[in-house]
Amino acid sequence: MAPATPRVVVKVDLKKRPWEQEQPLHNRWHPEIQPVGEVKAGEFFRVEMVDWTGGAVKDDDSAEDIKSLDLSTVHYLSGPIKVVDEEGVAAKPGDLLAVEICNLGPLPGDEWGFTASFDRENGGGFLTDHFPCATKAIWYFEGIYAYSPQIPGVRFPGLTHPGIIGTAPSKELLRIWNERERQLEESGLSSLTLCEVVHQRPLANLPIAKGCLLGNMEEGTPEWERIAKEAARTIPGRENGGNCDIKNLSRGSKIYLPVFVEGANLSTGDMHFSQGDGEISFCGAIEMSGFLELKCEIIRNGMKEYLTPMGPTPLHVNPIFEIGPVEPRFSEWLVFEGISVDETGRQHYLDATVAYKRAVLNAIDYLFKFGYSKEQVYLLLSCCPCEGRISGIVDSPNALATLAIPTSIFDQDIRPKTQKVPAGPRIVRKPDVMKSTYDGKLETTRNPSSSSYS
């Protein structure tokens with residue numbers, strides 16, 4: 001007998017705003033956000049999701065929606081979903097929730113996505129000191145392939161995946177998150193030398209009532225006000241999984257999530273058609289609405305059995321991921337190297353972040369020579385199937401990072417050539433990505449060796 005059609009546990013209507021959905025969405029992590037559905041272990045079920053901004057970014061010719069995006073509202077997640085075993089007994093704290101991704105993709109009729117970089121003073125990104133303006137590129141899907149009118153000459157297969165999938169934190173884990181992230185925010189820049197060369201702000205995204213969506217809780221009630229002040233933002237990945245942004249979590253993958261509350265309360269969202277390692281522009285994958293078809297199993301007492309805490313409490317654990325067999329195949333790559341020396345020439349000690357920034361900047365400036373604007377390359381490296389690696393972490397003083405780009409995604413040969421290139425003006429591809437103005441006063445970093453920086 002053929003397997004049953006997956007049961008739709010969470011359905012979304014893309015014509016409605018996130019807070020108007022029949023099954024309420026949420027954009028915070030908190031143990032008291034109630035489940036909107038229940039599944040049994042082994043059941044084949046489907047979850048639909050809005051894009052991470054809830055439809056705030058449009059398929060148009062402007063980046064103003066990116067510039068003015070209210071980041072207090074994101075990410076919009078579908079769930080929570082309570083998970084029980086075959087006898088109806090809920091997952092318990094200390095269990096592991098094994099979540100298998102059986103199928104996924106864009107929602108029918110909404111086969112497009114976007115990649116963007118935020119304004120330096122509203123979100124920023126990995127290279128916000130080099131690219132302070134908000135930018136946007138639209139991508140259209142043709143089966144497994146994506147192309148963008150704003151970045152012509154590029155087409156690649158996507159490795160579609162959920163940016164966020166996680167379980168609800170317990171009250172104690174939530175307290176740990178808020179305390180350590182508040183300490184980071186309150187200590188300021190003085191204790192963090194890396195902030196001098198990686199300019200993304202804020203340092204942490206602390207609980208805030210503004211923009212808060214808490215499922216079926218009624219806004220304005222005393223309960224809502226209390227939870228809104230405690231509930232964790234969904235921006236970073238944490239012990240519960242969350243915003244891991246692992247681009248290889250596609251069909252056939254399995255995620256082993258720690259369970260901290262009864263029923264696990266599984267949530268997911270932030271669907272990506274494709275992403276480059278690091279998602280460097282912050283709004284950096286091809287963001288889209290979409291669906292997941294999943295199966296869950298409960299591994300009783302799995303946290304103690306398989307996860308060793310790396311911290312002072314049994315809650316300081318992290319998920320395990322089993323990558324599926326489906327991915328694009330590329331045989332030729334151009335690899336760019338970076339070391340932990342910043343743009344001023346200053347040496348840093350085994351700093352992998354500085355090294356990766358150097359590798360990305362090297363790739364951007366290289367592809368600039370082939371007719372792309374630097375903003376086009378910045379967004380492209382955020383969403384194309386490029387591979388980032390920490391290649392060296394012990395050879396003092398330089399950490400070494402690499403960024404490998406598949407050459408077949410371009411319609412031209414981007415390798416260095418032995419023949420002399422004819423002299424003449426550089427031809428810039430048109431059109432370019434959409435850009436807004438930068439109205440702030442912060443200084444922009446420029447490459448002193450570059451003759452032109454767009």
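## Basis of the values

The model is predicted: local features need pLDDT of at least 70, side-chain atom pairs count only at pLDDT 80 or more, and totals for chains, interfaces and linings use all residues. Residues are numbered from 1 along each chain as its sequence is written, and side-chain values use heavy atoms, with hydrogens and water left out.

## Domains and their interface

The protein chain is split into domain 1 (7-322) and domain 2 (333-421), with bounds from an automatic or database domain assignment. Their C-alpha centres are 27 Å apart. In contact (heavy atoms within 4.5 Å) are 37 residues of domain 1 and 31 residues of domain 2. The area buried between the domains is about 2,700 Å², and carbon and sulfur atoms give 66% of this. Buried area here is the accessible area (1.4 Å probe) that two parts lose on being put together, summed over both.

Between the domains there are 17 residue pairs in polar contact, with both residues at pLDDT 80 or more. A polar contact is a pair of N or O atoms within 3.5 Å; within protein, one must be able to donate a hydrogen and the other to accept it, and residues adjacent in sequence count only if both atoms are side-chain atoms. On the side of domain 1 that touches domain 2, the elements giving two or more residues are β7 (112-117), β8 (135-142), β10 (155-157) and β17 (282-287). Of these, β8 gives the most, with 4 residues. Helices (H or I, at least four residues) and strands (E, at least two) are DSSP runs, numbered from the N terminus.

## Buried loop residues

H30 is in the loop between β2 (28-29) and β3 (37-40). H30 counts as buried because its relative accessibility is 3%; buried means under 20% relative accessible area, exposed over 50%, and partly exposed in between (1.4 Å probe, protein chains only). The H30 side chain makes a polar contact of 2.8 Å with the side chain of E230.

T128 and R120 both belong to the loop between β7 and β8. T128 is buried at 1% relative accessibility, and R120 is buried with a relative accessible area of 9%. Leaving aside residues up to four places away in sequence, T128 touches R120, H199, Q200 and Y378. The side chain of R120 reaches the backbone oxygen of E443 at 2.3 Å.

## Salt bridges

The structure holds 30 salt bridges, each defined as a side-chain nitrogen of Lys or Arg within 4 Å of a carboxyl oxygen of Asp or Glu. The count between domain 1 and domain 2 is 3. R389 forms a salt bridge with D277 (3.8 Å, N to O) and another with E387 (3.1 Å, N to O). R389 is partly exposed, with a relative accessible area of 45%.

K357 pairs with D129, their closest N and O atoms being 3.1 Å apart. This pair links distant parts of the chain, with K357 in helix α5 (residues 352-368) and D129 in the loop between β7 and β8, 228 residues apart. K357 is buried at 3% relative accessibility, as is D129 at 1%. K357 also forms a salt bridge with E343, again with closest N and O atoms 3.1 Å apart. E343 lies in the loop between β20 (333-339) and α5, so this pair ties together parts that are 14 residues apart in sequence. E343 is partly exposed, at 24% relative accessible area.
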